[in-house]
Structures are given as C-alpha cells and as structure tokens.
Amino acid sequence: MAMRCLSSLPLLSASGSGKACAVVRAHHTPSAAAHRRIRTHMSVATGGEQALTAKEQSQEPDYGVVSMHHVGILCENLERSMAFYQDLLGLKVNPARPNDKLPYRGAWLWVGSEMIHLMELPNPDPLTGRPEHGGRDRHTCIAIRDVLKLKEIFDKAGISYTLSKSGRPAIFARDPDGNALEFTQV
C-alpha cells in the first residue's frame with residue numbers, strides 16, 4: 001500500500017500550533033478485473049457503459065490481484081452438500097484439486113473460472129437466528145443466466161428462497177448447512 005507524507009498538512013500538535021508530517025495510506029484500488037465487473041454492473045444498473053480512464057485502468061495493486069480464486073464453504077456432511085451443489089445446481093468437480101492432502105474431507109467445485117471449496121468441518125456460526133433473506137447475511141454470489149429457471153429448480157426440489165428486495169433479477173437460498181447463496185442474473 002502506498003504511503004506519502006503531507007508536510008504541509010496543518011495538524012494539532014501538543015502545543016496546538018505547528019505543522020506535522022502525516023502519513024496517509026492510499027486507498028485500495030480495484031484490479032482491472034474488478035473494474036470490468038464494476039463497469040458491467042454500472043452498465044446493467046444505468047443502462048449504459050461507463051468508460052474508465054487510462055489512469056483508473058492502470059492503478060493495479062503492487063502485488064497483482066488477478067481474480068477471486070475460490071470461496072471456502074463449511075459443511076457438516078460432504079455427501080449431502082455434494083447432492084445440493086453438484087446434483088441440484090449442476091456444479092462440476094475439479095479433479096485437479098487435492099482432496100487427499102488436507103486433514104479433512106472436501107471437494108472443489110467449478111463456478112465458471114473460480115471455485116467453491118466445500119470443507120467438511122465444524123461450523124462455528126450459529127444456524128439459528130440468521131436472517132431469512134440471505135442478502136442480509138454474509139453470502140456467496142454466483143452469476144447465472146436465468147433466475148426464473150433456477151427458481152423452477154428450487155420449487156421442484158422444495159428449496160426455500162427469497163427474491164431480491166431491490167427488484168433486480170436475483171434469488172437467495174441457503175445450502176443444507178445454512179450458508180447463504182445469492183444467484184444473480186447477468
């Protein structure tokens with residue numbers, strides 16, 4: 001994170017008179033991939049493409065953020081979770097990821113070019129008292145093409161869900177362990 005000294009910034013010193021050097025941390029700058037997502041969301045929300053300046057596009061963090069790699073989701077029973085994520089949602093297992101090198105059972109499932117890592121571990125979060133609407137809880141969001149088709153799949157399977165409170169095409173549900181999932185139409 002970049003830092004700079006603002007020597008001309010008037011600050012209150014112990015005597016109340018004088019200038020001091022203030023160290024200011026630069027704000028996080030989203031990656032190019034994040035800018036593309038922001039631009040896409042802005043385009044959807046406003047109905048028009050919002051162009052980024054060359055300066056905005058070139059401001060990448062020094063360590064080189066590329067994308068989200070995976071999201072870890074805790075589950076009590078791997079088979080039950082696989083029935084939900086693989087069988088119901090149709091996510092494919094990534095056979096290249098190591099399942100035998102970790103001290104717990106798990107599975108890696110493709111979500112586009114990113115993954116969900118199911119981990120069969122005790123869940124430290126309470127399962128009761130969570131908001132009914134997953135959008136008001138920590139959640140994982142998966143971009144999909146057709147919310148209405150997923151709604152039909154959930155209806156047929158008896159999966160409870162809520163629709164987006166903002167009116168945009170999105171549906172919220174919980175997996176068998178109460179983890180909130182958002183499916184937003186792109």
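**View 1. D137 pairs with R130 in a salt bridge.** Here the closest N and O atoms of D137 and R130 sit 3.0 Å apart; a salt bridge means a side-chain nitrogen of Lys or Arg within 4 Å of a carboxyl oxygen of Asp or Glu. This is a predicted model, where local features need pLDDT of at least 70 and side-chain atom pairs count only at pLDDT 80 or more, while totals for chains, interfaces and linings use all residues. Residues are numbered from 1 along each chain as its sequence is written, and side-chain values use heavy atoms, with hydrogens and water left out. D137 counts as buried, at 11% relative accessibility, whereas R130 comes out as partly exposed at 23%. For these words, buried is under 20% relative accessible area, exposed is over 50%, and partly exposed is in between (1.4 Å probe, protein chains only).

View 2. Helices (H or I, at least four residues) and strands (E, at least two) are DSSP runs, numbered from the N terminus. R174 is partly exposed, with a relative accessible area of 21%.

View 3. K151 is partly exposed at 26% relative accessibility, and D155 is partly exposed at 44%.

**View 4. E79, R105 and E120 are linked in a salt-bridge network.** Searching the whole structure turns up 8 salt bridges.

**View 5. The largest nonpolar core has 22 residues.** Such a core is a set of buried Ala, Val, Leu, Ile, Met, Phe, Trp, Tyr and Cys residues joined through side-chain atoms within 4.5 Å. Y85, L89, I116, L118 and F183 touch the most other members. Several elements supply at least two residues each, including β3 (70–75), β5 (114–120) and β9 (180–185). Helix α3 gives the most, with 4 residues. At least three core residues come from each of domain 1 (68–123) and domain 2 (125–185); those bounds come from an automatic or database domain assignment.

**View 6. Here are the neighbours of F183.** Leaving aside residues up to four places away in sequence, F183 touches L89, I142, I144, V147, L150, F154, P169, A170 and I171, where contact means heavy atoms within 4.5 Å.
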